[in-house]
Number of protein chains: 2
Amino acid sequence: MAEVKNKQVILKEYVSAGLPKESDMAVVTTTTKLKLPEGSGGVLVKNLYLSCDPYMRSRMTKHDSASYVDPFNPGEPISGFGVAKVLESGDAKFKQGDLVWGMIGWEEYSLITSIQYLFKIPTTDVPLSYYTGILGMPGMTAYAGFYEICSPKKGETVFVSAASGAVGQLVGQFAKLAGCYVVGSAGSEDKVDLLKNKFGFDGAFNYKEEPNLDAALKRYFPEGIDIYFENVGGKMLDAVLLNMKIGGRISVCGMISQYNLVQPEGVQNLMYLVSKQLRMEGFLVTKYFPLYGKFLELVLPHIKEGKIIYVEDVVEGLENAPSALLGLFAGRNVGKQVVVVSRE
Amino acid sequence: MAEVKNKQVILKEYVSAGLPKESDMAVVTTTTKLKLPEGSGGVLVKNLYLSCDPYMRSRMTKHDSASYVDPFNPGEPISGFGVAKVLESGDAKFKQGDLVWGMIGWEEYSLITSIQYLFKIPTTDVPLSYYTGILGMPGMTAYAGFYEICSPKKGETVFVSAASGAVGQLVGQFAKLAGCYVVGSAGSEDKVDLLKNKFGFDGAFNYKEEPNLDAALKRYFPEGIDIYFENVGGKMLDAVLLNMKIGGRISVCGMISQYNLVQPEGVQNLMYLVSKQLRMEGFLVTKYFPLYGKFLELVLPHIKEGKIIYVEDVVEGLENAPSALLGLFAGRNVGKQVVVVSRE
């Protein structure tokens with residue numbers, strides 16, 4: 001029975017509040033047997049690509065698991081979405097050699113016992129790493145949050161915050177495909193440049209250079225915003241509420257500006273929900289996973305025809321995964337943050 | 001042509017922030033001709049009952065009229081919902097002697113030029129003043145905000161804030177009719193008593209006596225809240241967000257605790273919109289006025305059979321209207337605040 005080295009990224013202990021540090025995680029090397037346990041209905045995989053996502057911050061803090069995704073277990077490998085290759089399968093849906101995406105460990109080899117959210121990758125004529133992003137969980141997030149929650153109509157105005165991230169860049173391109181006017185915000189000139197010149201946003205601005213977010217939004221949306229795809233929260237949300245149109249919709253995907261604060265910023269302009277008759281809806285992508293087939297049908301042809309562009313920020317090696325993850329909260333990544341564990 | 005005295009309540013000047021004072025209004029006596037102007041398509045009415053409603057606070061402040069109801073005009077009579085009798089009509093929909101409800105002036109006689117939201121009162125076997133409340137705008141507000149926005153299901157748990165007010169008392173009773181468990185909050189023992197012993201709420205508490213709103217809600221909703229009918233905003237909303245169930249709905253009707261603050265309280269727990277997949281929707285009742293007939297069909301039989309109870313706080317005389325209005329913000333009223341201008 002083959003026993004191999006298995007490098008892992010573990011969470012050393014829970015992070016209570018504030019920005020996590022690299023020293024909160026450790027890269028360790030263990031050994032593992034490359035064999036499914038007797039009678040297991042799970043899948044043994046070799047991990048290829050890992051996805052770094054903002055929601056992972058919440059899993060680093062001990063919290064009431066009933067209210068959200070479970071926290072990580074200190075001393076055990078971190079887990080997240082990723083792409084892997086099946087080495088051995090105890091379930092008829094998967095066979096050796098299949099490429100899959102879903103929840104895997106931050107390690108070289110994982111035994112996946114919960115295969116409910118494990119998807120077989122149907123084609124490989126797009127880069128495999130795309131299944132950590134545009135063709136994986138973040139892609140489904142953009143799809144569900146934009147189409148299912150906001151019901152966009154041609155000619156509507158759309159604002160996306162954290163727009164150069166994995167989800168935001170896709171929301172903007174969906175908005176253009178839907179015939180909308182779309183503007184995004186991001187935190188550096190490089191990112192703003194990407195939004196305008198690569199992803200086809202009608203406008204983009206660097207929120208760090210705007211002394212007054214309300215004024216910035218009024219510049220881009222003199223008639224107001226129909227749809228806001230919310231990724232950041234706090235002051236940006238307050239400024240957006242001032243600028244929504246009557247009957248507007250806010251899809252709440254995340255609030256990355258708040259995740260590392262001891263106390264979240266208070267949002268003061270919620271009374272506009274009433275006066276402007278706004279709907280604000282939070283969602284978790286897992287609810288929409290049954291739409292994955294429909295999503296692929298929409299998005300794969302657009303990628304192949306070059307109508308949807310996708311930018312990744314790729315880091316090599318599991319040992320660099322902790323700093324890549326923390327880079328999300330400092331806004332260091334340009335595009336979707338991916339970590340390569342192995343290129344097969 | 002008869003010329004009569006016409007007592008009026010006028011707004012002297014705009015109130016910028018803070019609690020309005022009685023001296024911000026004045027009761028004056030003018031004269032008016034009891035004759036429709038030549039060619040007018042409006043309606044001349046004698047006013048009977050006035051409705052005091054929290055939303056009127058926003059009309060006392062100069063603001064961008066595009067975003068909400070227009071502000072009042074200083075020096076002119078305040079306007080609001082009320083019940084009146086038609087003296088002369090320039091529109092075929094109304095004739096002399098008809099009883100109507102809709103937007104009227106705080107005065108003895110009004111010329112109504114905009115009759116879009118003027119409704120003919122079909123029956124008079126319930127008290128006429130009910131058409132300022134349960135059978136008028138506040139009733140439609142409860143109906144739209146509960147049934148249309150929240151889609152209640154039997155067995156769900158419902159929380160109503162400002163529950164003894166015109167809207168809240170009705171939402172609670174709708175919730176019971178829908179087979180829900182309902183708890184309300186209010187600001188005095190008298191009101192709590194009304195909720196429990198008159199309106200049939202399953203529970204009620206005095207928020208002023210609760211040092212910890214989160215703990216109070218956990219006491220009444222150990223399993224969490226499916227539906228929150230939001231009337232107050234601020235700290236209460238923050239506590240509710242902590243206690244919503246996954247997939248919960250929040251109907252945002254108003255935020256009375258915030259109306260007189262220079263700066264609204266910040267709401268910090270909005271991240272629960274994502275983790276609990278909540279929908280939060282603001283609304284204005286005017287959008288739902290086309291459902292008025294359907295609403296009357298539902299609610300009139302229940303009133304006649306005594307299955308829906310309604311409590312009014314009735315003040316006599318237009319000269320007492322300013323203090324009655326301000327009483328809303330001090331929580332002085334017990335039940336729907338009505339002002340009698342004339343009993344026909």
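Reader: In which hand does α2(A) pass α3(A)?

Author: The crossing of α2(A) over α3(A) is right-handed. Keep in mind that this is a predicted model.

Reader: How is a helix pair described, and what are the values here for α2 and α3 of chain A?

Author: Two packed helices are described by the angle between their axes and by the distance between those axes. Here, helix α2 (residues 137–150) and helix α3 (residues 166–177) of chain A have axes that come within 8 Å. They cross at roughly 45°. α2(A) and α3(A) are therefore oblique to each other.

Reader: Which residues of α2(A) and α3(A) meet?

Author: From α2(A), the list includes A:Pro138, A:Ala142, A:Phe146 and A:Tyr147. From α3(A), A:Val167, A:Leu170 and A:Phe174 are among them. The residues of this contact divide into 11 nonpolar, 2 polar and no charged.

Reader: Now a single residue. Is A:His302 buried or exposed?

Author: A:His302 counts as buried because its relative accessible area is 17%, and the cut-off is under 20%. A:His302 is found in helix α8 (residues 292–304) of chain A. Leaving out residues up to four places away in sequence, A:His302 touches A:Leu177, A:Lys307 and A:Ile308.

Technical notes:
Residues are numbered from 1 along each chain as its sequence is written. Chains are lettered from A and ligands numbered from 1 in the order in which they are written. This is a predicted model: local features need pLDDT of at least 70, side-chain atom pairs count only at pLDDT 80 or more; totals for chains, interfaces and linings use all residues. Side-chain values use heavy atoms; hydrogens and water are left out. Helices (H or I, at least four residues) and strands (E, at least two) are DSSP runs, numbered from the N terminus. Buried means under 20% relative accessible area, exposed over 50%, partly exposed in between (1.4 Å probe, protein chains only). Contact means heavy atoms within 4.5 Å. Axes are lines fitted to C-alpha atoms, for helices over the stretch in contact, and angles run from 0 to 180 degrees between N-to-C directions. Angles under 35 degrees count as roughly parallel, over 145 as roughly antiparallel, 65 to 115 as roughly perpendicular and the rest as oblique. A crossing is left-handed if the near helix is turned anticlockwise from the far one by less than a right angle, and right-handed if clockwise. Ala, Val, Leu, Ile, Met, Phe, Trp, Tyr, Cys and Pro count as nonpolar, Asp, Glu, Lys and Arg as charged, and the others, Gly among them, as polar.
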